[in-house]
Amino acid sequence: VEGLKTVRYVDLKLGKDTNIISGEVQESTIPASNVLQFSLEDGSWYSVRPSGTEPKIKLYLYSKGNTAAEAEEKIAAMERVALGKLKSVE
């Protein structure tokens, strides 16, 4: 995301939790499901998963900021990045 590094991703289907900075891979402590979660250096994160009942992908966003406006800007940036990545595989 603009100005923030992705520091970790978790593939819950494979049960793998990867620290992008160190390269360390651990088993995830979260129950298995068809979800990818990406964590940013400030504690914000986004998750992507397919719908279980419809032909669409669901995106979940969580942001931290010093103000509501800052958090909303990060949400918008994460949405742009995530949707851009999803559109690149169409």
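Trainee: What share of contacts between residues at least 6 apart in sequence join residues at least 24 apart?

Mentor: In this protein, 32%, with contact meaning heavy atoms within 4.5 Å. This is a predicted model, where local features need pLDDT of at least 70, side-chain atom pairs count only at pLDDT 80 or more, and totals for chains, interfaces and linings use all residues. Residues are numbered from 1 along each chain as its sequence is written, and side-chain values use heavy atoms, with hydrogens and water left out.

Trainee: Which elements does the protein have, and in what order?

Mentor: From the N terminus they run β-β-β-β-β-β-α. Helices (H or I, at least four residues) and strands (E, at least two) are DSSP runs numbered from the N terminus. The radius of gyration is 14 Å, close to the 12 Å that the globule rule gives for 90 residues, so the protein is as compact as a globular protein of that length. That radius is taken over C-alpha atoms, and the rule is 2.2 Å times the number of residues to the power 0.38.

Trainee: Which strand does strand 1 join through 5 bridges?

Mentor: Strand 4, residues 36–40, antiparallel to strand 1, residues 6–11. T6 is opposite L40 there. Two strands pair if DSSP finds at least two bridges between them.

Trainee: And how many bridges join strand 1 to strand 2?

Mentor: There are 4, again antiparallel, with strand 2 covering residues 16–19. V10 has D17 as its bridge partner in strand 2.

Trainee: What about the hairpin of those two, which residue has a positive phi?

Mentor: G15, near 75 degrees; the hairpin has 4 residues between strand 1 and strand 2.
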